[in-house]
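Subject: Structure handover

Hi,

Here is the structure for you to look at. My notes on its contacts follow below.

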Amino acid sequence: MVDKTREVRANQRLITERCFAVLVWIAGILGIFIPLYIITFITINGAPILSWAFLTLPPAGFPLGTGGGIGPAILGSLALITIGLSFSAPLSILAAIFSSQYCTSHNFLVFVRFFAEVLASVPSIIYGLFGYALLVVFFDLKISLLAGGITIAFMMTPVIFVGTHESFNLANKELQQAAISLGVSRLFYIRKVLLPKTLPSILTVIVLASMNAMGSAAPILLTGAIVNSIGEIRLDLPVMSLPSHIFYLVGEAVSFDHAFGTALVLVGVLIFGNMGVGWLKWRYIKNDG
Amino acid sequence: MDKKISSSDKVFSASHVAPSPALSLNKLNAGYKERQVLFNINAVFYKNKITSILGPSGCGKSTLISVCNRTLELIPGAGVISGNVFLNGNDIYDTAASAQLIRKKIGIIFQHPITFPASIVENVLFGAVYHQKLTRQERLDYARHHLGIVGLETELINRLHEPAHKLSGGQRQRLCLARTLANQPEIILMDEPCSALDPSAMRHIEELIKTLSKTYTIIIVTHNIAQARRISDYTIVMTNGRIIEQDQTTKIFEKPKRKQTHEFIEGLIG
Ligand SMILES: Nc1ncnc2c1ncn2[C@@H]1O[C@H](COP(=O)(O)OP(=O)(O)OP(=O)(O)O)[C@@H](O)[C@H]1O
Ligand SMILES: [Mg+2]
């Protein structure tokens, strides 16, 4: 009698375990399969148009975009991210250092984190609208690389801030205590321990934020993007960008081939970016641990 | 606070000619955000002597030594509520006192050895390069000298530039000691420095502590009652955040004045 119930229970447990394993496998396969399918789909549709000329030439043809290439859009996207990063990375890392190392008011911290998290999840079109109203109109920057770059910086700052702050908080307490207890200054600790220790996670969050920003058309459509350019990169001029170019090509039904080609380039840049971080992290862990 | 505690007000028996005090605590109350942990602590630590702090787990030993070099206040909400800590006659909690300088002069080795994400040598030099001018040439020798003191140099001779996190628990403990010694403190606070060591390594550290006491004032928290008896000149016994007795070690162990002390060292409480 006792043995039987025990057996039944063991069987039930086994069944549950099996079901769970099957579920995990299905989820895992879907998780790999879906992105793989998307990438394959884009590659199949985009690859035929890829050529050196496509990667380097400005768009041409009538309507514009049916010929030529996307050279200026690649340059423009890289320029926008560079500007965005050079504003947002230092600002958000300094803000994270302040809030994790110097700020003593718990309430202030809760308040800041709450707003940063809200801002990090605000849809990008709202940043576009805000950038347009503030930078393009109020500060009269016109639709330009600078206005677009700063708008992208607005969008990346809360994301980088929250990620960095989180990794600082995780690394923090005992290491900080050990360092400060040796009589060194807070700055010395930040330079010698905190930043090196958290560098891999900071890099990751920076790249994720950049890739996300690089892929979104909404914030730059109103602030920095133009449909055609010969590839001149100047702060006071608008630039082409990869996502806004796709938006234009598809939105105006110009050329699906070119749109897929552009999408493939964009995805390629994102994959390379992520691989770059993986490599940096790997090298870092190998050297330092 | 608690008026009943009076034995700790009268520090050490009169028959003993006391050496000069290095650090003294006066009516100290301290604790964490939610609760007070130390109550009316009066204690004296003498120059170039070893003082052990004994007491049951959770009685406040770690808290007590961390108020001695202003590291308790690094925990948000924690700190001294009232009272003083005097280092060579100056209150270390005086607003004019530099916490950084105090932490350099009074080194602490925490209960859990924390190494920095850097090489073994860089770990040893961490505080030293901040406080002293060392040329690139001098640095390695300086680090090796201090690793030698704690018996790690020969053990690690080929691994000096490896990351410190690859060390064993006991090696890390000794590395932390080397790191504190390299800082050239006057007083060394140790929180259970032998908890991860085998008996032979423990003997080595005990010998080392005795040697170090010629140059430094040493305060050591330990759970090992026999160890306290072996190495320390003075012993403080605590329970529930209060000092119940402090005296020369021989007196504490041979004729304790309080029944609680006797019970504790016989292993009956705690
Ligand atoms: N960071 C903290 N926040 C709140 N309370 C704490 C903190 N650290 C310690 N305490 C509490 O303070 C009291 C004393 O702790 P302490 O670490 O000083 O004890 P201890 O005598 O060193 O114990 P052990 O021998 O186990 O190391 C304990 O009740 C503990 O729970
Ligand atoms: Mg402790």
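A salt bridge here is a side-chain nitrogen of Lys or Arg within 4 Å of a carboxyl oxygen of Asp or Glu. This is a predicted model: local features need pLDDT of at least 70, side-chain atom pairs count only at pLDDT 80 or more, and totals for chains, interfaces and linings use all residues. Residues are numbered from 1 along each chain as written, chains are lettered from A and ligands numbered from 1 in order of writing, and side-chain values use heavy atoms, without hydrogens and water.

Within chain A

Chain A splits into domain 1 (2-49) and domain 2 (56-288); the bounds come from an automatic or database domain assignment. Between these two domains of chain A there are zero salt bridges. They bury about 640 Å² between them, 89% of it on carbon and sulfur atoms. Buried area is the accessible area (1.4 Å probe) that two parts lose on being put together, summed over both. Ile42(A), Asn45(A) and Ile49(A) supply 62% of what domain 1 of chain A buries against domain 2 of chain A.

Chain A against chain B

The contact (heavy atoms within 4.5 Å) takes 19 residues from chain A and 24 residues from chain B. About 1,900 Å² is buried between chain A and chain B, with 70% from carbon and sulfur atoms. Gln177(A), Ser181(A) and Leu182(A) supply 31% of the area chain A buries there, more than any other three residues.

Best wishes
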